[in-house]
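Visitor: Could you walk me through how the parts of this chain sit against each other?

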Amino acid sequence: MSAVLVKGARLVGGDPVDLLLDDGVVAEVGLGLSRAGAEIVSADGLVALPGLVDLHTHLREPGREDAETVETGTAAAALGGFTAVHAMANTDPVADTAGVVEQVWRLGVQAGHCDVAPVGAVTVGLRGEQMAELGSMADSAARVRVFSDDGKCVSDASLMRRAMEYVKAFDGVIAQHAQEPRLTEGAQMNEGINSSKLGLTGWPAVAEEAIIARDCILAGHVGGRLHVCHVSTAGSVELIRWAKDKGWDVTAEVTPHHLLLTDDLAATYDPVYKVNPPLRTQTDVDALRQGLADGTIDCVATDHAPHALEDKESEWGAASPGMTGLETALSVVAKAMVETGQLTWRQVAERMSHTPARIGRPDGHGRPLEVGQPANLCLVDPRAQWTVDARAMATRSRNTPYQGDTLPARVVATFLRGRPTVLDGKPA
Amino acid sequence: MKRHLLSAADLSRDDALLVLDTAEELAQLTERATVKKLPTLRGRTVVNLFFEDSTRTRTSFELAAKRLSADVINFSAKGSSVSKGETLKDTALTLEAMGSDAVVIRHSWSGAPVNLARWVKGSVINAGDGTHEHPTQALLDAYTMRQRHGRVEGLRVTIVGDVLHSRVARSNVLLLSTLGADVTLVAPPTLLPVGVESWPCETSYDLDAVLPKSDVVMMLRVQRERMGAAYFPSSREYSRRYGLDVRRVTTLKDDAIVMHPGPMVRGMEIAPEVADGVRSTIQEQVANGVSVRMAVLYLLLGGAESAIGSPE
């Protein structure tokens with residue numbers, strides 16, 4: 001593999017420098033670099049960010065290869081600037097054994113677009129009854145560190161406690177999908193003014209907040225590591241702020257769509273806006289932005305949830321919840337957080353790379369762009385405006401809520417250990 | 001161009017009054033005639049697309065369309081390809097290919113008529129969707145109130161029962177507030193939706209306090225399965241606190257009327273003596289339903305451009 005010389009990139013939004021990528025690492029950083037035979041990538045006006053890390057991706061393989069595969073999902077990830085994604089466990093079969101997580105991990109290696117860190121299920125079959133063999137998954141070739149029943153909540157308090165205790169033995173974290181099941185039976189959208197008018201069964205904020213409160217206290221009690229998936233309410237932000245003040249080992253993520261969209265969109269009854277947890281109110285959006293800005297919410301995670309056309313082209317109630325997000329995540333964060341002055345590019349790098357990598361522990365990701373570090377990075381044009389076209393995306397599914405919208409900032413190039421996976425905004 | 005009737009909110013005050021006036025004219029025309037059929041919609045096709053059983057509403061729409069000389073196709077989900085996994089979209093495209101001019105849809109999911117309206121070129125009329133709306137029911141209720149009281153504006157209308165799951169309540173609140181009535185919803189707190197404070201009406205938990213001030217009392221059906229979901233402890237307790245029994249009726253004003261969209265649970269939300277009493281408009285509501293639905297079909301399909309309803 002030849003060396004790559006990135007010319008004039010603004011390092012995490014700072015002054016322009018050259019980056020020499022060679023032998024998988026950042027070989028040199030400085031002005032006026034040159035290297036005979038190196039491929040030159042002009043990065044004039046582009047921002048260099050460490051390769052983005054997604055803690056929450058649904059790649060759908062094995063089981064729903066009609067909606068997404070590891071190949072198509074990781075290609076989408078690379079186009080979005082990601083160099084590592086954590087693949088959620090709710091596949092078919094469920095990723096609840098060393099065999100399945102190793103299969104997913106190998107598919108990622110074969111695809112080569114970005115690293116795939118499989119998430120292991122907390123309980124067998126996501127049924128919430130019996131702990132899966134978490135240690136075997138941790139010891140497997142896939143080196144699982146994040147465990148989650150995402151899509152379902154580990155609602156049994158005792159099981160949740162034991163899981164958080166148990167994974168301490170191998171530096172694991174339990175990523176909780178916080179949804180009290182009895183409070184959300186048949187739930188279709190945020191419970192509030194809009195649900196009352198639309199006649200759709202409400203998904204109340206308290207169903208998320210009650211579980212988060214419980215789990216934070218449990219984490220404090222057992223000294224375990226808790227990560228809260230897709231925080232969606234203002235109340236949740238307050239609870240996490242409180243738990244962090246206590247010094248408990250609690251982290252949290254927010255999705256790009258919860259930073260931008262509100263439940264007003266449900267009035268269209270277009271299931272592209274159906275997602276779990278549901279879109280909330282502007283008050284929640286404002287609190288989530290504030291929480292992400294002040295560090296209460298540690299990171300952004302996409303919850304990229306591709307669905308086949310027939311699972312979305314239906315009545316709202318019959319549709320599957322979820323939105324694609326890998327190829328729009330950075331742009332949505334730019335729109336919601338950078339353009340509003342709430343985050344700098346350096347802070348975006350923290351919340352979309354350094355911090356998620358610190359939580360998920362994928363090898364060699366989320367490192368600073370310094371000499372000797374793995375050359376995982378992306379180049380972003382912060383002044384670009386582009387129009388979202390679902391058909392032009394690499395993901396196999398079309399359920400983007402931004403279809404036809406114009407978004408700021410575009411990923412121009414992505415490098416995985418020095419090898420370009422994306423160049424000129426296209427798969428390399 | 002106005003094409004659909006998906007929500008009572010689609011109707012402006014003028015639209016709603018036009019429907020009521022048209023319904024009145026059509027009722028008079030058919031009453032006087034020996035042959036009750038009018039030639040207005042000859043050659044037009046109306047499809048009754050019912051994904052949920054409702055003999056009452058389907059028959060009412062069928063009769064309304066037939067009295068206007070439209071061709072009527074009854075497409076019920078049971079025994080059709082819908083039960084074999086055909087999607088709403090496929091059904092819509094099939095009806096479209098058959099050249100239907102209007103689809104009257106009843107569906108168990110809220111919003112299904114809105115989805116359908118994206119896939120068909122003809123008019124879509126919401127005949128009840130999930131726990132969302134049932135606009136023609138609200139129109140026939142307003143028509144009935146006007147018939148009995150001579151007006152809707154300024155009437156104090158009390159709607160009692162399972163508001164949370166009621167499409168009748170949602171459409172009535174919207175239409176009646178458009179027409180200037182004062183609506184009060186009465187229910188146990190568990191059967192009022194979170195967010196109801198944003199609706200254009202009052203709410204109360206105390207039926208006895210509200211009844212003496214009411215011109216209209218509309219009782220909603222309470223399904224017994226709500227009891228299992230712990231919305232209230234027992235049907236007996238529900239009846240005691242929110243049922244319209246013989247004693248409560250004596251507290252009503254002399255000219256107050258009692259309405260029910262049907263089907264009733266006699267002895268639960270309404271005593272049989274009340275349902276069959278002189279204040280009851282339950283039979284009139286059924287008869288008025290046909291006139292109002294004739295008016296809606298006529299106004300949506302009769303001219304080159306529809307005279308009421310939502311543009312998209």
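**Where the two domains meet**

Guide: Between domain 1 of chain A and domain 2 of chain A, the count is 1 salt bridge. Keep in mind that this is a predicted model.

Visitor: Which side chains meet in a salt bridge, at 2.7 Å from N to O?

Guide: A pair counts when a side-chain nitrogen of Lys or Arg is within 4 Å of a carboxyl oxygen of Asp or Glu. At 2.7 Å, N to O, the pair is A:Arg417 and A:Asp115.

Visitor: Where along chain A do domain 1 and domain 2 run?

Guide: Domain 1 comes in two stretches, 4-47 + 373-427. Domain 2 of chain A is 52-360.

Visitor: How much area is buried between domain 1 of chain A and domain 2 of chain A?

Guide: Interface size is often quoted as the accessible area lost when the parts come together. Here carbon and sulfur atoms give 63% of the buried area between domain 1 and domain 2 of chain A, and the total is about 3,000 Å².

Visitor: Which residues in domain 1 of chain A lose the most area to domain 2 of chain A?

Guide: Three residues together make up 22% of what the domain 1 side buries. They are A:Arg396, A:Asn399 and A:Tyr402.

Visitor: How many residue pairs are in polar contact across the interface of domain 1 and domain 2 of chain A?

Guide: Counting pairs with both residues at pLDDT 80 or more, the rule finds 17. On the domain 1 side, the elements giving two or more residues are β16, β17, β18 and β19 of chain A. As for the polar contacts themselves, the number of residue pairs is 17.

Definitions and conventions: Residues are numbered from 1 along each chain as its sequence is written. Chains are lettered from A and ligands numbered from 1 in the order in which they are written. This is a predicted model: local features need pLDDT of at least 70, side-chain atom pairs count only at pLDDT 80 or more; totals for chains, interfaces and linings use all residues. Side-chain values use heavy atoms; hydrogens and water are left out. Domain bounds come from an automatic or database domain assignment. Buried area is the accessible area (1.4 Å probe) that two parts lose on being put together, summed over both. A polar contact is a pair of N or O atoms within 3.5 Å; within protein, one must be able to donate a hydrogen and the other to accept it, and residues adjacent in sequence count only if both atoms are side-chain atoms. Helices (H or I, at least four residues) and strands (E, at least two) are DSSP runs, numbered from the N terminus.
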